[in-house]
Amino acid sequence: MPKRERDDEQFSVRVELPLANGKPYIGRWPHDGPCSPDEVALLLIDFQKDFCHPDGYLAKVGGDLKPAHKAVRKVMPVLEAARNAGVMVFHTREGHRPSLIDLSKYKKWRSCLAGAEIGMTSQTGSKFLVRGSPGWEIIPELAPIEGEEVFDGPGYDKFMHTDLEHCLRCAGIKYLIVAGLTTEVCVSSTIRGATERGLECILVADGTAGSEMEFCRAHIKTMQVEGGIFGTITVADLVCAALKSLQSASVD
């Protein structure tokens, strides 16, 4: 990770939010002004083969993979810019123990009803959402590198059943740039969990996708109610621009 040349660097992202009066709010994130880059982390949620590959869980339940692939392409330059700027990167994976001891009866029943029972073997031999199976792995395009932490858990809210919150607190992180899959399940759940813990989130709107895009749009719209009740939104290009502004002040 590049070292910072100065201790007084400041980071912010341009945002535009629609308000109830029909007028847009144009400002910066975080809401209370620029922050230290060391207080910011990029959180990439569940960019796993099970949610991106045609033999994975999402495809098996009838999800459209094209939006996920578009999101991956948008997030790739964001991840590169974060690494070059020395911003911390965290990854998550949804997955159950091979014994499935951590799989609730309801989740097992629900996934079976959806057509992709968790633990079921796919056509290529991977077990849906099971730790250690090929589909559980993060896709190569966004795979973690040395020094980037990965948080494994069986739930949708990545703060539940993991030590993500503890690690963020220890690292001094207050602000999260979020992208991931799927919008309506793990991304939405995690952003809500982060908000409840006093963390301020910004969602990369074109860096997330749902099983159906109407679900994705609905959850993004929900984030924006009441002035951004669960955080704010932006697009990958604006995040990249903000991160790249830090790169010129960093040295290897």
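1. Let's start with Glu137: at 30% relative accessibility, this residue counts as partly exposed. Buried here means under 20% relative accessible area and exposed means over 50%, with partly exposed in between (1.4 Å probe, protein chains only). Keep in mind that this is a predicted model, where local features need pLDDT of at least 70, side-chain atom pairs count only at pLDDT 80 or more, and totals for chains, interfaces and linings use all residues. Residues are numbered from 1 along each chain as its sequence is written, and side-chain values use heavy atoms, with hydrogens and water left out.

2. What does Glu137 meet in a salt bridge? Its partner is Arg93, with 3.4 Å from N to O. The two sit in distant parts of the chain, 44 residues apart: Arg93 belongs to strand S5, while Glu137 is in the loop between helix H3 (105-114) and S6. A salt bridge is a side-chain nitrogen of Lys or Arg within 4 Å of a carboxyl oxygen of Asp or Glu. Helices (H or I, at least four residues) and strands (E, at least two) are DSSP runs, numbered from the N terminus.

3. Searching the whole structure turns up 12 salt bridges. One of them joins Lys108 and Glu117, whose closest N and O atoms are 2.4 Å apart. Both ends count as partly exposed: Lys108 has 36% relative accessibility, and Glu117 has 23%.

4. Asp157 is worth a stop. You'll find this residue in the loop between strand S6 (149-153) and helix H4 (164-171), and its 15% relative accessibility makes it buried. The Asp157 side chain reaches the backbone nitrogen of Phe159 at 2.9 Å. Setting aside neighbours within four places in sequence, Asp157 touches Ser189, Thr190, Gly193 and Arg197 (contact means heavy atoms within 4.5 Å).

5. Which residue meets the side chain of Asp157 in a salt bridge at 4.0 Å? That is Arg197. Arg197 is in the loop between helix H5 (183-196) and S8, and Asp157 in the loop between S6 and H4, so the pair ties together parts that are 40 residues apart in sequence. Arg197 counts as partly exposed, at 21% relative accessibility.

6. Two strands count as paired if DSSP finds at least two bridges between them.

7. Here are some of the pairings. Strand S5 (residues 88-94) runs parallel to S6, with five bridges joining them, and His91 stands opposite Val150 in S6.

8. Is S8 enclosed or open? Eight of its 10 residues are buried, so S8 is largely enclosed by the rest of the structure. S8 pairs in the parallel sense with strand S7 (residues 175-181) over six bridges, and Gly180 has Thr208 in S8 as its bridge partner.

9. On cysteines: the structure holds zero disulfides. Cys167 is in none, and the nearest cysteine sulfur, that of Cys170, is 6.5 Å away; a disulfide needs a pair of cysteine sulfur atoms within 2.5 Å. Cys167 counts as partly exposed at 25% relative accessibility, whereas Cys170 counts as exposed at 60%.

10. Lastly, Gly86, in the loop between helix H2 (66-85) and S5, is buried at 6% relative accessibility. Gly86 and Leu243 are 157 residues apart in sequence, with 9.1 Å from C-alpha to C-alpha.

Key:
Polar contact = N/O pair within 3.5 Å; in protein donor to acceptor, adjacent residues only side chain to side chain.
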